[in-house]
Amino acid sequence: MEAEKTYDLVMENRGSYLYAIVGGLKVTRQIALDYWAEIISECDDIGTSKILLEHNFVQMISMEEMLEVIGPVADLLKGRLLAFV
């Protein structure tokens with residue numbers, strides 16, 4: 001049985017870029033890695049390298065967790081353009 005996701009992710013192909021809204025109560029290192037994997041997979045599926053991300057978490061990731069997640073997320077984002085809202 002698959003574990004229930006603890007975040008919401010809505011993605012929309014806007015032609016020249018992928019628009020994604022992600023949110024929930026709390027973001028953790030694992031949640032960030034999970035939603036980025038979903039976003040990158042969708043980009044690959046629709047053939048775009050541009051992402052506009054709206055980030056709506058109540059509690060943000062800790063600085064320690066942020067430092068742990070930057071490397072893996074940067075690897076996923078190589079060759080892509082990203083904007084945050």
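Biologist: How do the residues of the lining of the largest pocket divide among nonpolar, polar and charged?

Modeller: This is a predicted model, in which local features need pLDDT of at least 70 and side-chain atom pairs pLDDT 80 or more, while totals for chains, interfaces and linings use all residues. Residues are numbered from 1 along each chain as its sequence is written, and side-chain values use heavy atoms, without hydrogens or water. A pocket is an open set of points on a 1 Å grid over the protein atoms alone where a 1.4 Å probe fits, with protein on both sides within 12 Å along at least five of seven lines, and lining residues have an atom within 4 Å of a point. With Ala, Val, Leu, Ile, Met, Phe, Trp, Tyr, Cys and Pro counted as nonpolar, Asp, Glu, Lys and Arg as charged and the others as polar, the lining divides into 13 nonpolar, one polar and no charged.

Biologist: Which element gives the most to the lining of the largest pocket?

Modeller: Helices (H or I, at least four residues) and strands (E, at least two) are DSSP runs, numbered from the N terminus. Helix H1 (29–46), helix H2 (63–76) and strand E4 (81–84) each supply at least two residues of this lining. The greatest contribution, four residues, comes from H2.

Biologist: Which residues lie nearest the centre of the largest pocket?

Modeller: The lining has 14 residues in total. Nearest the centre lie Tyr35, Trp36, Met66, Val69 and Phe84.

Biologist: Why is one side of E1 and of E4 left without a neighbour in the sheet?

Modeller: The open sheet has four strands in the order E1-E2-E3-E4, with mixed pairing (at least two DSSP bridges between two strands). Strand E1 (8–13) and E4 stand at the edges, so each has a single partner strand.

Biologist: What is the bridge partner of glutamate 12 in E2?

Modeller: E1 and E2 run antiparallel and are joined by six bridges. Glutamate 12 has as its bridge partner in E2 tyrosine 19.
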